[in-house]
Each structure stands twice: as C-alpha cells, then as structure tokens.
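Welcome, and thanks for taking a look at this one with me.

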Amino acid sequence: MLSEVRMGIIGIGNMGSSHAMRIAQGDIRGMRLTAVADKKESRRAWAAANLPSDVKIYENETDLMNDPDINAVLIAVPHYDHPGFGIRAMEKGLNVLCEKPVGVYTKQVREMIAAADAHPDLTYAVMFNQRTNPVYKKMHELVQSGQYGKIKRVNWIITDWYRTQHYYDSGEWRATWDGEGGGVLLNQCPHQLDLLQWICGLPVKVQSFMQYGKWHHIEVEDDVTTYMEFADGATGVFVTTTGDAPGTNRFEVDLEKAKIVVENSQLYVYELDVNEREYCFTATEGFVKPSGHEVHFELSKENPQHNGVLQAFADHLISGAPLIADGREGIRGLMLSNAMHLSSWLGKAVEIPFDEDLFLAELNKRRATSVRRTEVHEDTNVDMSRTY
C-alpha cells in the first residue's frame, strides 16, 4: 500500500488539463499532482501558468515515467497510445489510470491486459466515471439482481453528445481514422457502451448503420444506429450522434416483470404485479395488459463523476478499497464498438466475439488514406466543465 499517490499526467489537453486542475486544487484525498507531460509547447506553457510551481513539466512521456518521484500515471493522450503507454508505465513499476477508451482495437488492448496480469502488484484502472452516477448504479443493481426476470428489450437513444466543428478542430488528430480511430462511438460513447454491457451484458450479434462526416467536416462516424441481439433472446437498438440539438438521452430496459428507464438524470421503474411471460399465456382476455405500479427509490444525491474515479483509485492504492472500474473491463465496451464499426464497414451483421484480425485490417485500410487536420486551434483547451 502507498502512503500517498504521486500522480503524473501524460497529456494535458482537454481532459488531462481538467484532471490536473482537480488534483492540484486538492479535490482528491491522498493524491498529489507531481508531474505533467505534453509534447506541445502551448500545453506546457498552460501548465506553467496554471499549475502549482512544484509540479514538474516534461516534454514527453518517457522523461515523466523516469521521474522517481511519481508512483502512478494518468494517461490522457490520443486513443491509439493508451495501451502502449500503459504497458511502458507498468514496466517502470507505475500504477496506471487510463482515460477512456482503453484503446482503439481489442487486439491492442489484450496486450495491455497481459501486461497488467504480469504485474499483479500494480493497479490498472479506467476512467469510467458514469459508473459513479446513482441512477446507473441503481439500474445495474436492479437488472443484475434478477428480481425482474430476463431482459426482453434494450433501447438507448443517446443523441445529446452535441459537438461543434470548433470542438473537432481543437486537435489535428481528432475525428480522423489515423489519429483517433473512430468518432462518436470511440470518443463520446465509451461511457454508454460500457454501461450497456455492465448493466445488460454484451450482445452476441450487432448490425450497425453509420454515416461518416454527416454533420461535421470529419472522416469518422457522427451518426450511428445499431440493432443488437443478446444470448437469451433479448433485442435492442442503440442510436447516437454528435449532430442533434438539444438531443435525447433515454436508456430503457424492458424486463419480464418491469420496465426501467433512465432519462433526464432520473430513474423510473414500473413494476408488473405478475411476470408478463406467465400472464401472456394464462390471461383470459385479449387486450388487457398485466397490472402494475410505479416504484420509487431514494438515490444518493452524490454524483462524483471523474473525482469519484480518481478518489477510488487513490483509496485503492492507499487502503485497498475497490476501484470504480478495473482497466481489464474496458475491453468489453470496446468489443461492442469494434463490432459496430466492422458491421458498418462490411455491410452485414457481425457476431461477438468477432475476427479481430479482420477488424484491424479494415481499420488499417482507413488509416492508410486518413488525413490529419492542418488548421487547428490548439493554443487553448476546450472547456470540459459542461461534459461528463
């Protein structure tokens, strides 16, 4: 166990700078911001102007990882580098907290998992901050308890991830196949894809329809509609975009004995008095639905988000408290994302698990013709205070 987590942040762009500020201002008990690294001079200048004077500033991740004063790193760089940086950090004896997603493709992430397994004395965690949200925590508890029977249908429309062109122009790597590896599925929706599998389990088949650069001047997907099938017969639809305003965020799970909905940050539960599957075949009338009633739960008012993940990481290293999400779990939502992409590229349904070599080959075709943005405004970070 550690007496103090001395954190080094690799990448102080939009998310990295946000994490740096919350740690530097003392929001995380037992954690001290010790060093930051970024290859861009403008970001290092921001760090010198905004972070405490005792925070060391490095030009690259190698020098930061060699700093004997740090014992943990937070990786907040473009997605392709997440697994490689994590592996190198563990080889240096450093604990790792990785921003989402854990990588771009599952074959790459399996190498990071192998590295974590080879260093059982170190901790590997992922920034799945939506798991700290009380409504999703309760939804997970209710669905996974089995008290409402099997899942019949899953629908999530998550179209309030609105992004302007200014957002995409904040980095030359953003929204390109070679720089980011994907669009709304890989940038914004790792949260929802993780929650979907955490609450409902992974689908076994998906068929996805994507449009690339429909609403923005980008290469990658910004509009997605996916049909899903689950092992026990449940079906579902997942819809997302960064082009709708104001957008919708409604997650609905229909079970044999209840309907559970999260919308507008509220949890709604309608509980049937009998199991619908039993009622369907014993009812003596043709149109009468089974009776039921609303159920209300008192939920915690605390929704700590990123601070919650950081605090759990610190507490785990200091006292052994549980993590919000072990980094190994990150591959599950990525499997769903990769399967959706592969389905769209091939124009057909894809089963999970899928051919990871085929996925990588198809991704590399798109990387080969990818063009990074030349006109960007990187001198200032995008304000992340209004997003989860």
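1. A word on terms before we start: two residues are in contact when they have heavy atoms within 4.5 Å of each other. Please also keep in mind that this is a predicted model.

2. Let's begin with Glu 99. You will find Glu 99 in the loop that runs between β5 (95–98) and α5 (106–118). Is Glu 99 buried or exposed? Glu 99 has a relative accessible area of 5%, and buried means under 20%, so Glu 99 counts as buried.

3. Next, the surroundings of Glu 99. Leaving aside residues up to four places away in sequence, Glu 99 touches Met 15, His 19, Leu 74, Ile 75, Ala 76, His 82, Met 127 and His 306. Take Ile 75 from that list: Ile 75 and Glu 99 lie 24 residues apart in sequence, while their C-alpha atoms are 5.9 Å apart in space.

4. The model has 2 cavities of 30 Å³ or more, and the largest cavity holds about 60 Å³.

5. Which residues line the largest cavity? The lining is made of Pro 101, Val 102, Phe 128, Leu 185, Leu 186, Pro 190, Leu 193, Gly 330, Gly 333, Leu 334 and Ser 337.

6. Finally, the helices around the largest cavity. At least two lining residues come from each of α8 (184–187), α9 (190–200) and α12 (330–346). The most come from α12, which gives 4 residues to the lining.

Key. Residues are numbered from 1 along each chain as its sequence is written. This is a predicted model: local features need pLDDT of at least 70, side-chain atom pairs count only at pLDDT 80 or more; totals for chains, interfaces and linings use all residues. Side-chain values use heavy atoms; hydrogens and water are left out. On a 1 Å grid over the protein atoms alone, a cavity is a set of points where a 1.4 Å probe fits but cannot get out, and a pocket is an open set with protein on both sides within 12 Å along at least five of seven lines; lining residues have an atom within 4 Å of a point. Grid points are joined across faces, edges and corners, and a volume is the space filled by probe spheres set on the points. Buried means under 20% relative accessible area, exposed over 50%, partly exposed in between (1.4 Å probe, protein chains only).
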